[in-house]
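Have the sequence and the 3D view open as you read.

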Amino acid sequence: MDYRTIPLDDTSARELAATGLRYALVDAADPDALDGWIRADFRGFHGRRPSAEMLAGARENFAARRNIAVYDDEGPSREPVGTVNTWPAPLTVPGGARVDSWAISSVTVAPTHRRRGVARALLGGELRTAHALGLPLAILTVSESVIYGRWGFGPATWSTAWTIDTKRVRWAGGETTGRLSFAEPDEYAEIGERVLDRAMAGRHGEIGLQPYLAKRLIGPLPADPDAEKLRLVRYDSATGEPEGFVSYSLKGDDDFTRHTVEVRYLAAATPEAQRALWRYLLDLDLVAAVKVWTRGVDEPVQALVNDIRGARVTDLEDHLWVRILDVPAALQARTYEQDGSVVLDVADDLGFAAGRFRLTVRDGRAEVAPTDDPADVTLAVNALGSVYLGHDVARGLALAGRIEGDVDALDRLFRTAVPPRLSTWF
Ligand SMILES: CC(C)(COP(=O)(O)OP(=O)(O)OC[C@H]1O[C@@H](n2cnc3c(N)ncnc32)[C@H](O)[C@@H]1OP(=O)(O)O)[C@@H](O)C(=O)NCCC(=O)NCCS
C-alpha cells in the first residue's frame, strides 16, 4: 500500500471541519498544491520565501512523503494554514534491527490560526494512522521540547555540539590509516548514501535516510546559500572501501590564520573513518576552531586530543523523540544487554499503548505479553519512549516521580553501554 495516499483520519477531519477548516492530502503530482504547501511549511519555521530553485528541490523531497494540509477555505488565501508530513523511516534499535517507525515532520500552523487545535488534529490523525498501519513507533525531532509530551512522545536521544580550539589542541589519537581525498558531491552522492546507510544501521537511534535527506548531508541542496563554500572529503579504507566523509565550510576571520570550520556532517561507518576524519579536521592549517553539531553524547573528541579542555561541549540537547504505539512489538524489536523480567504498567492518555505487560529477557531477546501480575514499574508512555533506546534517563525520571517502582530493574534492562544517537534532523 502506498502510505502517501492512505485516507485521512476521520476524527481529525471532523474536528477540523467543526472549526471551519478542511483537512486534505496534498497531491504530489499537483505542483501548485505542493508549492503552496512548501511555502506554508517554510513560513511556519520562519524561513525565507522559497525561490523557484528551492521549490524544485523541496518538491523532490516531499514527493516521497505523505503531505497533509489544513485549509481555511473561508479566508482569502489558498495556502494551507497547517502542514504535516509522515513516512515510514527505519529506526535502528539496540541490537541492530531496523524498525519501520512513523516519522513525523513539517508540523506547522500559521500564526494566524494558532492555538485552535490544528496541531492536535494533525498529530492525533497521524498517530491513529500509524497505529492502524501496525507501526510500533512514531518518531520526530522537535523545534521546542515543550510541545510533544502531550501526545505521548518522550526524548530518547541527546545530542552534543562542540567547539574545538585547534590552535590549542594537538592530535593524540594515534596513527591513522586509509586515504583521504576531496570529492565532488554529485559524483560522490551514490557512494555517500551507501556510507550513510551503513553508519545509520550501525548505531541505535539513527534512521535510514530518504535520498534528499542524505544529499543534504553530503553536499549542497538546490539554492543552498553556502553551496560554493561547502567542501567534501571522503575517507576510504586502506583496501579502498568507502567508509566515511565530512562535509564542511570555512568562515574567515580578520586574521587569515584563524578560520573557523563549520562541519555540516561527519559520517563514519567505522572507527578508523571516525579517527581519520577527526584528525583531518583538527589538523587543518589556517584554522583556529572546529565547530560541530548534533553529535552523540559519547563523541570521543576529548580522547583524540592532548588537551581535553581545548575541546568543549557547547550544547547538550534532547534530540530524537519516541512515541511507542505498540508495547510488545516495540520492546521485542530491540535486544537487551542483561537478562531479567519486569512487569510494566504503562499509562497512555491516547490509549494506544496502555496496559500491563510482562517483559522477560532471555539471552538478550525479549518476550512481552499482557499480564495481570502486580506491576514492578509504573510509568507513562512518554517515559517508556525515553528509556526505549537505552539512554541513561530512568533514574532521573524516577527522581522526578515519572517512573515509580523498581527503577533499578528497569534501568538494568533498558540501558545500553553505548548510548543511542541520532546525528541528523528530519
Ligand atoms: C507548535 C505549533 C505547530 C502548535 O500548533 P497549534 O495549532 O497552535 O497547537 P494546538 O492549538 O493544537 O495546541 C495543542 C496543545 O499544544 C499546546 N502547544 C502548542 N504549541 C505549543 C508550544 N509552542 N509550546 C507549548 N505548548 C504548545 C497548546 O497550548 C495545546 O495545549 P493543551 O493540550 O494543554 O490544550 C505551532 O505553534 C507552530 O507552527 N509553531 C512554529 C513551528 C514549530 O515549531 N513547529 C513544531 C515543529 S517540531
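Predicted model: local features only at pLDDT ≥ 70, side-chain atom pairs only at ≥ 80, totals over all residues.

## Around the ligand

Let's start with the ligand. Which residues come nearest to it? Of the 20 residues around the ligand, those are Val-107, Val-109, Arg-115, Ser-143 and Glu-144. Sort the shell by type and you get 9 nonpolar, 5 polar and 6 charged residues. As for where they come from, strand β4 (98-109) and helix α4 (118-133) each supply at least two residues of the shell.

Now the polar side of things. Gly-117 has a backbone N or O atom 2.8 Å from an oxygen atom of the ligand. Arg-116 also brings in its backbone, with a polar atom 3.2 Å from a ligand oxygen. Arg-150 uses its side chain instead: an N or O atom there sits 3.1 Å from an oxygen of the ligand. On its own the ligand has 900 Å² of accessible area, and the protein covers 76% of that.

## Helix α2

Next up is α2, which runs over residues 31-44. At the start of the helix, Asp-30 has a side-chain oxygen within 3.2 Å of the backbone nitrogen of Asp-32. Just past the other end, His-46 takes a positive phi of about 60°.

Take Ile-38, which belongs to α2. Its relative accessible area is 0%, so it counts as buried, the cut-off being under 20%. Setting aside residues up to four places away in sequence, Ile-38 touches Leu-55, Ala-58, Arg-59 and Phe-62. Met-54 is 16 residues from Ile-38 along the chain, and their C-alpha atoms are separated by 9.7 Å.

Asp-35 is another member of α2. Is this charged residue buried or exposed? Asp-35 is buried, at a relative accessible area of 9%. Beyond its neighbours within four places in sequence, Asp-35 is in contact with Leu-55 and Arg-59.

## Charged side chains and their partners

Arg-66 sits in strand β2 and is buried, with a relative accessible area of 0%. What does its side chain reach? The side chain of Arg-66 gets to the backbone oxygen of Tyr-3 at 3.3 Å. A polar contact of 2.9 Å also joins it to the side chain of Glu-126.

Lys-215, in helix α6 (residues 211-218), is partly exposed, with a relative accessible area of 33%. Leaving out neighbours within four places in sequence, Lys-215 is in contact with Glu-60, Glu-193 and Leu-221. With Glu-60, the side chains make a polar contact of 3.0 Å. Glu-190 lies 25 residues away from Lys-215 along the chain, with 9.2 Å between the two C-alpha atoms.

## A helix cap and some positive phi values

Helix α1 (residues 10-18) has its N-terminal end capped by Asp-9, where a side-chain oxygen lies 3.4 Å from the backbone nitrogen of Thr-11. Following α1 comes Gly-20, with a positive phi near 80°.

Why give a positive phi a second look? Most residues other than glycine have a negative phi. Ser-106 isn't a glycine, yet its phi is positive, at about 55°. This serine lies in strand β4 and counts as buried at 8% relative accessibility. Asp-363 is not a glycine either, and its phi is positive at about 50°. You'll find Asp-363 in the loop between β16 (355-362) and β17 (365-370). Asp-363 is exposed, with a relative accessible area of 73%.

Definitions and conventions:
Residues numbered from 1 in each chain as written. Heavy atoms only, no water. Near = heavy atom within 4 Å. Polar contact = N/O pair within 3.5 Å; in protein donor to acceptor, adjacent residues only side chain to side chain. Areas by Shrake-Rupley, 256 points an atom, 1.4 Å probe, with all protein chains shown as cover. Helix = DSSP H or I, 4+ residues; strand = E, 2+ residues; numbered from the N terminus. Nonpolar A, V, L, I, M, F, W, Y, C, P; charged D, E, K, R; others polar. Buried < 20%, exposed > 50% of the residue type's maximum accessible area, 1.4 Å probe, protein only. Contact = heavy atoms within 4.5 Å.
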